[in-house]
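Please keep the sequence and the coordinates in view while reading.

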Amino acid sequence: MNRIIEGDNLAILEGLPAGSVGLAYLDPPFNTGEARVMERVRVVKGEDGQRLGYGGHRYRSETVSNHTYEDDFDDFPAFLMPRLGAIWRLLADDGSLFIHLDAREVHYIKVLCDQQFGRKRFMNEIIWSYDYGGRTKDRWSNKHDTILWYVKDPKNYVYNYGEIDRIPYMAPRLVGDEKAARGKTPTDVWWNTIVPTTGKERTGYPTQKPLAILNRIIAVHSREGDLVLDPFGGSGTTAEAAARHRRRFLTIDQNPAAIAIMAKRLAFAAPVVERDARVAI
Ligand SMILES: C[S@@+](CC[C@H](N)C(=O)[O-])C[C@H]1O[C@@H](n2cnc3c(N)ncnc32)[C@H](O)[C@@H]1O
């Protein structure tokens, strides 16, 4: 069964059965101290419009939707660590945990996770690098996020090497035709654009992550039929990638706007939408 649950994730996670999750990915609010807002605007024809445009008509901008959530914590580790502890209990013996953070918080959380889960269970620090948007003039422009990968058991975990999507060689002529045609596996630095501001993938939810990143994580780190958990579901990127790879999903968010977007985006996977349900799966 696929599930979307509205509510604070901590209480919900604590009510789920131990060992039931094959893969957990979380993308918590990054503690920017700001409200994250995304406006979706469309241009419509109207006599009161301020802009003169195509065909000599007047046009005005209209807000279609406006999604917001608070991204502000006094003590981010105090918020996140109990949730990570609850998720760790849910992981299957060969399960994996992916924690998506940015440069301001990742070091604090990495040290605490090493203490809580054990350093030998840390597998990779994946750098997701993008090149989009404006550049600052007073420091190096920040254009990457960090994804930490931990496993429950470093001797027994899911890593579907054959499922890794291949990327082009930088100098294909140096490797021969066959290798060049096959491409190479990515390293722990993943180049991928952010979700384009226009286009089919964009839901209008702030901080929506690209499907390509979640497709890769789910294809390589889970098996068909596994339960994939995302306790900070947002627009439902993880759940969509899970369903498209024939995994089950359980996604949680406390923001009703996120639940509405997920219900629409994930309708193809016929999820049950619940409010703060604490029943066993
Ligand atoms: C960075 S966004 C996730 C974006 C998502 N990865 C996507 O691709 O759309 C973080 C989400 O966590 C939700 N959130 C924050 N605190 C929460 C909590 N305690 N319980 C459940 N959801 C929470 C916010 O409402 C927000 O939708």
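The paragraphs below treat a strand, a helix, a loop residue and the ligand shell in turn. The model is predicted.

Strand β6, residues 91–101, is mostly covered, with nine of its eleven residues buried. Two pairings of this strand may be traced. With β2, residues 21–26, β6 pairs in the parallel sense over five bridges. With β8, β6 runs antiparallel, and six bridges join them. Residue I99 of β6 can be followed in both directions: L26 stands opposite I99, and in β8 the bridge partner of I99 is L148.

Helix α7 spans residues 256–265, and its buried residues are A258, I259, I261, M262 and R265. Viewed down the axis of α7, these buried residues fall within an arc of 165°, so they line one face of the helix. An α-helix has 3.6 residues a turn, so residues three or four places apart point the same way. The cover over the buried residues of α7 includes β1 (3–6), α6 (237–244), β11 (248–253) and β12 (272–275). On the face turned away from the buried side lie the exposed residues P256 and K264.

Residue D131 belongs to the loop between β7 (122–129) and β8 (144–151). Is D131 buried or exposed? D131 is exposed, because 12 other C-beta atoms lie within 10 Å, and a residue counts as exposed at 12 or fewer. Between D131 and H144, 13 residues apart in sequence, the C-alpha to C-alpha distance is 8.4 Å.

The ligand is surrounded by 19 residues, of which F232, G234, S235, T237 and N255 are the closest. This shell divides into seven nonpolar, eight polar and four charged residues.

Notes:
Residues numbered from 1 in each chain as written. Predicted model: local features only at pLDDT ≥ 70, side-chain atom pairs only at ≥ 80, totals over all residues. Near = placed C-beta within 6 Å. Nonpolar A, V, L, I, M, F, W, Y, C, P; charged D, E, K, R; others polar. Helix = DSSP H or I, 4+ residues; strand = E, 2+ residues; numbered from the N terminus. Buried ≥ 20, exposed ≤ 12 C-beta atoms within 10 Å, placed from the backbone. Arc of directions from axis to C-beta. Contact = placed C-beta atoms within 7 Å. Pairing = 2+ DSSP bridges.
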